[in-house]
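Colleague: I would like to go through this model term by term. For each label, please set the value against its cut-off.

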Amino acid sequence: MAVWSLCLIVIGWAVFYVGQFIATLHIVVLPVAVALLLTALLFPITRRLRAAGIRPIYATWITMLVALAVLAGTGWIIGLRANDEFPRMVEQVKATAKTMEQWLYTGPLHLQPNQITKWIDEIAAQITTQRNQITQTVLTGATVALEVLASLVLLAFVTFFLLKDGDRIWAWFLKAFGSAAPRVDRAGRVAWVTLSHYVQGTVAVAAVHGVVMGIVLAGMGVPLWAPLAVLIFLASFIPLIGIFFAGGVATLVTLGAKGPIYALIFVGILVVEQQLENHVLQPLIVGRALRFHPLAIILVLAVGGIVAGIAGAAVAVPVAAVIYRALPQLMSDQPALPPAPPGPPAAGRPPGAPPAAPDSSPAAPPEGPPAGPGGPAGPADEESPQHKG
């Protein structure tokens with residue numbers, strides 16, 4: 001027990017300082033982690049382009065340009081929709097607010113106008129009191145914006161070189177492990193397969209989720225349905241927590257624009273669609289790569305959020321899945337080599353005789369063609385299976 005307790009203390013100490021190190025270098029660690037996720041998502045395109053005969057540098061550039069075109073096109077469409085629909089949403093929110101105010105006066109609550117006015121004045125006073133903190137938050141936000149810009153630049157560079165030279169980078173990385181390189185190589189390949197399946201499956205599930213809820217919002221006539229659909233798509237990358245945030249925002253917009261009846265209908269459809277996703281799409285698409293209990297997912301999300309905020313929560317689950325799959329390969333012994341296929345008997349030995357002891361000296365190449373049962377092997381002897389050996 002004393003030995004095990006000492007081991008746990010050492011492991012806990014190491015994990016704590018590794019977490020502190022990652023938190024200190026979050027501006028580097030997080031872009032690299034996100035770059036690995038993007039590489040796992042985009043590498044199938046690069047691989048197909050290489051298989052078509054395109055050089056790696058050109059295949060990488062084409063992949064990056066396609067990804068940027070998709071992002072830019074999506075942002076442009078969302079911007080146009082938001083610019084056209086935002087004024088209408090403001091008018092609808094004002095009308096809904098007046099309706100809700102009348103309901104508070106005439107409904108079962110029977111509130112007085114002075115009570116609501118008092119609440120509004122208290123909120124305004126709180127905002128005025130916290131003005132200095134708000135200003136400080138804005139200044140901090142400017143610093144964060146610069147860090148985000150630097151992280152995006154680093155993210156683009158890391159993704160580009162991983163797509164272009166990923167195999168060469170991995171081979172160079174393995175040289176540092178000496179005799180343990182085969183073990184690390186096995187663990188790394190299993191981790192990469194797990195990460196690729198997780199990212200591609202999660203993108204597919206998030207796309208289905210965003211498209212379905214976008215169609216629901218558009219069918220209800222909710223303004224800003226395209227930005228809300230994209231928000232739901234992005235929030236789906238954070239399991240269990242992201243959907244509550246995105247669904248809450250979409251519900252508030254629906255409540256303000258269309259009223260409580262449409263908001264309740266949207267919440268009902270969201271709950272049903274989320275249950276179908278959890279019990280059908282997730283097990284079929286992502287379940288093979290990630291078989292975590294919901295409690296494990298919640299704990300991993302909590303640790304990632306504490307260490308690195310929202311970005312840490314987004315990458316915590318795939319990182320935990322990779323570690324969970326790679327550790328058994330890293331700790332296991334090297335698998336035994338399969339038995340060598342039977343070859344032709346050596347010259348001058350009968351077919352049933354046991355093989356000779358291996359010689360440490362390299363075998364000299366034969367000076368002429370191997371002798372077969374009927375003399376030197378000719379073309380007919382080489383093509384006929386019954387003459388071999």
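Modeller: Among contacts with a separation of 6 or more in the protein chain, 70% join residues 24 or more positions apart; a contact means heavy atoms within 4.5 Å. The model is predicted, so local features need pLDDT of at least 70 and side-chain atom pairs pLDDT 80 or more, while totals for chains, interfaces and linings use all residues. Numbering starts from 1 along each chain as its sequence is written, and side-chain values use heavy atoms, without hydrogens or water.

Colleague: What makes up the list of elements in the protein chain?

Modeller: Helices are DSSP runs of H or I with at least four residues, strands are runs of E with at least two, and both are numbered from the N terminus. The protein chain has 11 helices and two strands, in the order α-α-α-α-α-α-α-α-α-α-β-β-α.

Colleague: Why is Thr-63 called buried?

Modeller: Buried means under 20% relative accessible area, exposed over 50%, and partly exposed in between, with a 1.4 Å probe and protein chains only. Thr-63 has 0% relative accessibility, so the residue counts as buried. It lies in helix α3 (residues 56-106), and beyond four places in sequence Thr-63 touches Leu-42, Ile-45, Thr-46, Leu-49 and Leu-163. Over the protein chain, 26% of the 389 residues are buried.

Colleague: What makes a set of residues a nonpolar core?

Modeller: The members must be buried Ala, Val, Leu, Ile, Met, Phe, Trp, Tyr or Cys, joined through side-chain atoms within 4.5 Å. The largest such core has 16 residues, and Leu-37, Leu-195, Val-199, Leu-301 and Val-317 touch the most other members. Two or more residues come from each of α2 (26-51), α6 (181-220) and α10 (294-331), with α10 giving the most, seven. Another core, of 14 residues, lies apart from it and includes Leu-217 and Ile-243.

Colleague: Why is the pair of Asp-165 and Arg-168 called a salt bridge?

Modeller: The rule asks for a side-chain nitrogen of Lys or Arg within 4 Å of a carboxyl oxygen of Asp or Glu. In this pair the N to O distance is 3.4 Å. By this rule the count is three. Asp-165 and Arg-168 are three residues apart in helix α5 (residues 131-174), so about one helical turn separates them. Asp-165 is buried because its relative accessibility is 13%, whereas Arg-168, at 60%, is exposed.

Colleague: Which other pairs meet the rule?

Modeller: Lys-164 bridges to Asp-165, with the closest N and O atoms 3.1 Å apart. Arg-189 bridges to Asp-185, also with 3.1 Å between the closest N and O atoms. Shared partners join Lys-164, Asp-165 and Arg-168 into one network.
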